[in-house]
Amino acid sequence: MLKYNLKISSRFEHIHDGIASILKNDVPPEAEPIYMDRNTVYRLAINNTPIVIKSFQVPNLIDSYMQTVIGKSKSHLSYLNAKRLQKLGFRTPAPVAYGEVLNGNRLLRSYFMTEFIRGGDLRGWENNPDNEPLLRAFAAEMAKMHEAGILHRDFSPGNILFTGTPALGFNFYHIDLNRMTFDVKSRTKLLSMFGRLSTSRDAIARLAGYYAEAAGDPTLANAAIKAYDDYVRQH
């Protein structure tokens with residue numbers, strides 16, 4: 001017998017029926033795929049409310065057991081981490097809901113849903129010669145995250161959304177949160193977040209300099225570059 005677990009943020013209770021239908025019947029055909037890989041991300045409007053749906057890959061038996069008996073599913077972790085990130089004062093697309101479909105302890109389907117943010121992401125930032133205001137703002141965001149002890153293990157340019165302009169300032173929104181860790185004290189672990197931000201060491205060096213300025217510690221520039229070099233060697 002199938003079991004359905006569904007948690008909806010109170011702000012989005014007005015679209016409860018549409019969300020519950022996704023859990024029961026899967027993502028509807030009118031949803032627009034915007035990213036397809038191991039997991040698939042869709043954009044959909046429910047009662048004129050635009051949301052993003054992340055449909056997670058069905059795990060194998062061992063991973064399913066780990067996610068349902070030992071720990072939590074990726075959709076559940078994404079929801080919890082989004083809520084915690086907001087409480088710490090950082091932005092992420094507002095969590096709408098998470099849902100799981102199980103047969104016993106076997107996870108068959110799982111979803112994490114958020115509000116839709118209309119903005120850009122940081123992919124290709126190193127190829128833009130006029131991006132200094134954006135980079136300085138982003139470096140300051142990283143410094144604040146590290147001061148708060150936040151380690152994002154999937155910290156890549158495509159997982160960092162932003163809105164704003166140099167004149168008005170920038171806001172950053174963090175996504176793909178299921179592998180996020182909090183209360184991290186190790187500066188080495190935190191600086192490992194530089195590893196996936198670019199394939200250009202020169203670009204990383206530039207960003208590291210802005211980061212050190214924002215953190216108020218000049219030694220962090222070289223430490224960040226070393227963390228990047230270590231990541232590249234290991235991967």
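Guide: Rings of Phe, Tyr and Trp pair if their centres lie within 6.5 Å. The model here is predicted.

Visitor: Which residues do ring pairs link into a cluster?

Guide: The structure holds 5 aromatic pairs. One of them joins phenylalanine 138 and phenylalanine 155, 5.8 Å centre to centre. Ring pairs build a cluster from Phe138, Phe155 and Phe172.

Visitor: What is the angle between the planes of phenylalanine 138 and phenylalanine 155?

Guide: Phenylalanine 138 lies in helix α4, and phenylalanine 155 in the loop between β8 and β9. Both residues are buried. Planes under 30 degrees apart count as stacked. This pair is stacked, with an angle between the planes of 20°.

Visitor: How do the rings of phenylalanine 194 and tyrosine 211 pair, and what is the term for it?

Guide: Their centres are 5.2 Å apart. Planes over 60 degrees apart count as edge-to-face. These planes stand at 90°, so the pair is edge-to-face.

Visitor: Is methionine 66 buried, exposed or partly exposed?

Guide: Methionine 66 belongs to helix α2. Together with Ile62, Val69 and Ile70, Met66 makes a nonpolar surface patch of about 390 Å². Buried means under 20% relative accessible area, exposed over 50%. At 43%, methionine 66 is therefore partly exposed.

Visitor: Which residue stands opposite tyrosine 98 in β6?

Guide: Strand β5 has 8 of its 9 residues buried. β5 pairs with β6 in the antiparallel sense over 8 bridges. The two form a hairpin with 2 residues between them. Opposite tyrosine 98 stands phenylalanine 112.

Technical notes. Residues are numbered from 1 along each chain as its sequence is written. This is a predicted model: local features need pLDDT of at least 70, side-chain atom pairs count only at pLDDT 80 or more; totals for chains, interfaces and linings use all residues. Side-chain values use heavy atoms; hydrogens and water are left out. Patches are made of residues with over 30% relative accessible area and no salt bridge: like charges are joined within 9 Å, nonpolar side chains (Val, Leu, Ile, Met, Phe, Trp, Tyr) within 5 Å. Accessible areas come from the Shrake-Rupley method with a 1.4 Å probe; for residues, only the protein chains shown count as cover. A salt bridge is a side-chain nitrogen of Lys or Arg within 4 Å of a carboxyl oxygen of Asp or Glu. Helices (H or I, at least four residues) and strands (E, at least two) are DSSP runs, numbered from the N terminus. Buried means under 20% relative accessible area, exposed over 50%, partly exposed in between (1.4 Å probe, protein chains only). Two strands pair if DSSP finds at least two bridges between them. Rings of Phe, Tyr and Trp (its six-membered ring) pair if their centres lie within 6.5 Å; planes under 30 degrees apart count as stacked, over 60 as edge-to-face and the rest as tilted.
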